[in-house]
Amino acid sequence: MPRHSENRVLPYSPQQIYDLVADVARYPEFLPWTAAARIRSRRAVPDRGAGAEVMKADLVISFKVFREKFGSRVVLLPEAQRIETDYLDGPFKYLHSHWQMAPDAGGCRVEFEVDFEFRNAVLQKIIGVVFDEAMRRVVSAFEKRAKQLYG
């Protein structure tokens, strides 16, 4: 249902942005509405490239009276500079997202796309009203974090 995509050029290397997005455990330090993060498991998936991993992670999202935990399967593909996320459990019907980093004359071109639907129709309607702005704030939070970490 709600789908959002962003493309930005940031003055950092693709590896720096990849490392930032892949560090799910640190999301509560800078990501809006993220109250907690926990890595359930990590395992190598060598058939997807050198250094590739699958991580199962839980995030707790808190916004006003809404507080929900959801689990995701995160595929880390360092050779491709790509991170793919799929929903495991929680309040969604489905959730898919990806980050793609690529070199650019200005530093790094970053593509972010997310598509999801909540199980609860009322919650879906509420989120639908503010969805695009919320996703812009999330991407901006990563951009601000990159500036803090990498100058």
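Predicted model: local features only at pLDDT ≥ 70, side-chain atom pairs only at ≥ 80, totals over all residues.
Biologist: What makes aspartate 58 count as buried or exposed?

Modeller: Aspartate 58 has a relative accessible area of 4%. Buried means under 20% of relative accessible area, exposed over 50%, and partly exposed in between, with a 1.4 Å probe and protein chains only. Residues are numbered from 1 along each chain as its sequence is written, and side-chain values use heavy atoms, with hydrogens and water left out.

Biologist: Why is the pair of arginine 38 and aspartate 58 called a salt bridge?

Modeller: The closest N and O atoms of arginine 38 and aspartate 58 are 2.5 Å apart. A salt bridge needs a side-chain nitrogen of Lys or Arg within 4 Å of a carboxyl oxygen of Asp or Glu, so this pair qualifies. Arginine 38 sits in strand S2 (residues 34-44) and aspartate 58 in strand S3, which means that the bridge ties together parts 20 residues apart in sequence. Helices (H or I, at least four residues) and strands (E, at least two) are DSSP runs, numbered from the N terminus.

Biologist: Which element does each residue of the bridge between arginine 40 and aspartate 89 lie in?

Modeller: The side chains of arginine 40 and aspartate 89 meet at 2.9 Å, N to O. Arginine 40 belongs to S2 and aspartate 89 to strand S5, so the link joins parts 49 residues apart in sequence. Arginine 40 is partly exposed at 34%, and aspartate 89 is partly exposed at 32%.

Biologist: How do you know that arginine 109 and aspartate 104 form a salt bridge?

Modeller: Their closest N and O atoms are 3.6 Å apart, and therefore the pair meets the definition. Arginine 109 is partly exposed at 37%, as is aspartate 104 at 29%. A search of the whole structure finds 16 salt bridges. Asp23, Arg26, Glu29 and Arg145 are linked in a network of them.

Biologist: What makes a set of residues here a nonpolar core?

Modeller: The members are buried Ala, Val, Leu, Ile, Met, Phe, Trp, Tyr and Cys residues joined through side-chain atoms within 4.5 Å. The largest such core has 41 residues, of which Ile17, Ile83, Trp99, Met101 and Phe142 touch the most other members. Two or more residues each come from helix H1 (14-22), strands S3 (53-63), S4 (66-77), S5 (82-89), S6 (92-104) and S7 (107-118), and helix H2 (121-150). H2 contributes the most, with 10 residues. A second, separate core has five residues, including Val45, Ala52, Val75 and Leu77.

Biologist: Which residues is isoleucine 83 in contact with?

Modeller: Contact means heavy atoms within 4.5 Å. Leaving aside neighbours within four places in sequence, the partners of isoleucine 83 include Tyr18, Val21, Ala22, Val74, Trp99 and Met101.

Biologist: Why is one space called a pocket and another a cavity?

Modeller: On a 1 Å grid over the protein atoms alone, a cavity is a set of points where a 1.4 Å probe fits but cannot get out, whereas a pocket is an open set with protein on both sides within 12 Å along at least five of seven lines. Lining residues have an atom within 4 Å of a point. The largest pocket has a volume of about 790 Å³. Of its 36 lining residues, the closest to its centre are Ile61, Phe70, Leu95, Met135 and Val138. H2 gives the most to this lining, with nine residues. There is one cavity of 30 Å³ or more, and the largest cavity has a volume of about 70 Å³. Arg8, Leu10, Ile17, Leu20, Trp99, Val110, Val139, Phe142 and Glu143 line this cavity. Again H2 supplies the largest share, three residues.

Biologist: What is noted about phi at tryptophan 33?

Modeller: Phi of tryptophan 33 is near 70°, a positive value in a residue other than glycine. Tryptophan 33 lies in the loop between H1 and S2 and is partly exposed at 22%. Glutamine 81, also not a glycine, has a positive phi of about 55°. Glutamine 81 is in the loop between S4 and S5, and its 11% relative accessibility counts as buried.

Definitions and conventions: Points joined across faces, edges and corners; volume = space filled by probe spheres on them.
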